[in-house]
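Let's take a walk through this protein together. Have a look at the sequence and the model first, then read on.

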Amino acid sequence: MTRTQMRDPLESRRLSAELKAMKEARESAGKHPYFRGVANARYVLRKVFRIIEEHAKEFGLDPVHHQSLIQIYGSPERRLRIKELALRMDISQAFASNVVRALVDKGYAERVPCDEDLRSTFVGVSDAGVKLLCAIDDAVRMHVEYFTQQLSASEREMAVYMMMFYIGM
């Protein structure tokens, strides 16, 4: 079966059946099918994250700083308060503040005053930060595509089903 002939893992009946099977496996005595799915999804995520983190480092950016730039730039308003960044990164506000300070010092982020509350500021990604994010993404694309092409259709599908299961679908 070629890549273009693969089954659609998101086809509604198939998806519903697979998610139901995943829930049943989680409730079964042995739970092996469930943990097989968990192991596969975590393998895929960890491998992709490692590829991305390595490339961020090659661009001179700590993985936490890279993820912070992604969270800030990827937010609906393209800016976050420190406490919002801390929440999205699952880090303390003090650590988030240090991360922001480092990003501002490197020219990848900028503090933006809050019009509604003069005591509060937002952090946004500078033009240099956006260029860096795009450069890292471009560098990573080929490596992630190569990795995912090495996965079987079953492994790719299992990763999709587990992520959907994790988010409550």
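How far apart are the mean positions of the positive and negative charges of the protein? They are 4 Å apart, with 26 positive and 23 negative charges in the count. Here Lys and Arg count as positive and Asp and Glu as negative, while His and the chain ends are not counted; each charge is placed at NZ of Lys, CZ of Arg, CG of Asp or CD of Glu.

Keep in mind that this is a predicted model, where local features need pLDDT of at least 70, side-chain atom pairs count only at pLDDT 80 or more, and totals for chains, interfaces and linings use all residues. Residues are numbered from 1 along each chain as its sequence is written, and side-chain values use heavy atoms, leaving out hydrogens and water.

Now for the overall layout. You'll find seven helices and three strands (DSSP runs, H or I of at least four residues for helices and E of at least two for strands, numbered from the N terminus). Along the sequence they run α-α-α-β-α-α-β-β-α-α. The C-alpha atoms fill a box of roughly 55 × 35 × 25 Å along the principal axes.

Let's zoom in on helix H4, residues 82-89. Its buried residues (under 20% relative accessible area, 1.4 Å probe, protein chains only) are Ile82, Leu85, Ala86 and Met89. On the other side of H4, Lys83, Leu87 and Arg88 are exposed, meaning over 50%. After H4 comes Asp90, with a positive phi near 60°.
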